[in-house]
Amino acid sequence: MNRWQKLVILAVAAVVAAQLLVQRAAPRRAPGDAAPPLALSDLHGRRVDVAELRGKVVAVNFWATWCPPCREEMPELAQFWTEHRGRCFEMLGVAEESAREDVARMAASIPYPVVVDDRAEALTPWGVQGYPVTYVLDPQGNVRKVFTGEVSKADLGDAVKPLLPATCPES
């Protein structure tokens, strides 16, 4: 075995060990779990609290400005939100690991609320290990579906639509 092969094996072992440590440190939220608290400010300083959205189906999408799959899924997420927002549905974008000016630039084309997690406070309680990740919460605030990686409008619809009420008091 030559020196390069040994280095590759050592690098792979280090990556695997790091992944195991991260997985132990940040348990993923699973369907049926109660969603952890999440109260952050948007770009205008208004506080948005997931607990205040109880009674609605909520999709919480964690993303970063530098993440290509995050940027690719946003038009479909925006379209889904636009089509369902009056049906007791809300979407919340949580910008992570990104400069505020970059978030502001991207948020200009996002119609749903975007909050900024400046100190990465939400990552551990929510079990976020990479971007994008989207959690679908039922009206009681329980996790019903977790999408790791880019989510399509159709897949989001399959998770959200069965949870929506036939009529919404807001509409």
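I looked for aromatic pairs and got 6 in this predicted model. I count rings of Phe, Tyr and Trp (its six-membered ring) as a pair if their centres lie within 6.5 Å, with planes under 30 degrees apart stacked, over 60 edge-to-face and the rest tilted. Trp 66 and Tyr 131 have ring centres 5.8 Å apart and planes at 80°, so I noted the pair as edge-to-face. Trp 66 is in the loop between strand S3 (57-63) and helix H2 (68-84), and Tyr 131 is in the loop between helix H4 (123-126) and strand S6 (133-137), so the pair ties together parts 65 residues apart in sequence. Helices (H or I, at least four residues) and strands (E, at least two) are DSSP runs, numbered from the N terminus.

Next I checked accessibility: buried means under 20% relative accessible area, exposed over 50%, partly exposed in between (1.4 Å probe, protein chains only). Trp 66 has 48% relative accessibility and counts as partly exposed, whereas Tyr 131, at 16%, counts as buried. Trp 126 and Tyr 135 also pair edge-to-face, 5.1 Å centre to centre with 70° between the planes, and both are buried. Ring pairs link Phe 62, Trp 126 and Tyr 135 into a cluster.

A note on bookkeeping: residues are numbered from 1 along each chain as its sequence is written, and side-chain values use heavy atoms, with hydrogens and water left out. Since the model is predicted, local features need pLDDT of at least 70 and side-chain atom pairs count only at pLDDT 80 or more, while totals for chains, interfaces and linings use all residues.

Then the core. I take a nonpolar core as a set of buried Ala, Val, Leu, Ile, Met, Phe, Trp, Tyr and Cys residues joined through side-chain atoms within 4.5 Å. The largest one has 50 residues, and Phe 62, Trp 126 and Leu 156 have the most contacts inside it. I listed what Phe 62 touches (heavy atoms within 4.5 Å), leaving aside neighbours within four places in sequence: the partners include Val 94, Ala 122, Trp 126, Tyr 131 and Tyr 135.

Back to the loop between S3 and H2, where Thr 65 also sits. Thr 65 has 10% relative accessibility, so I put it down as buried. Not counting residues up to four places away in sequence, Thr 65 touches Arg 71, Ser 98, Asp 102, Val 103 and Met 106.

I searched for disulfides (cysteine sulfur atoms within 2.5 Å) and found 1. Cys 67 and Cys 70 form it, with sulfur atoms 2.4 Å apart. The torsion about their S-S bond is about 80°, so I logged the disulfide as right-handed. Both Cys 67 and Cys 70 are buried.

Last, strand S4 (residues 89-95): 7 of its 7 residues are buried, so the rest of the structure largely encloses it. In a regular strand the side chains alternate between the two faces of the sheet. In S4 both faces are covered, with Phe 89, Met 91, Gly 93 and Ala 95 buried on one side and Glu 90, Leu 92 and Val 94 on the other.

I call strands paired if DSSP finds at least two bridges between them. S3 and S4 run parallel, joined by 7 bridges, and Phe 62 stands opposite Val 94. S4 and strand S5 (residues 114-116) also run parallel, with 3 bridges, and Val 94 has Val 115 as its bridge partner in S5.
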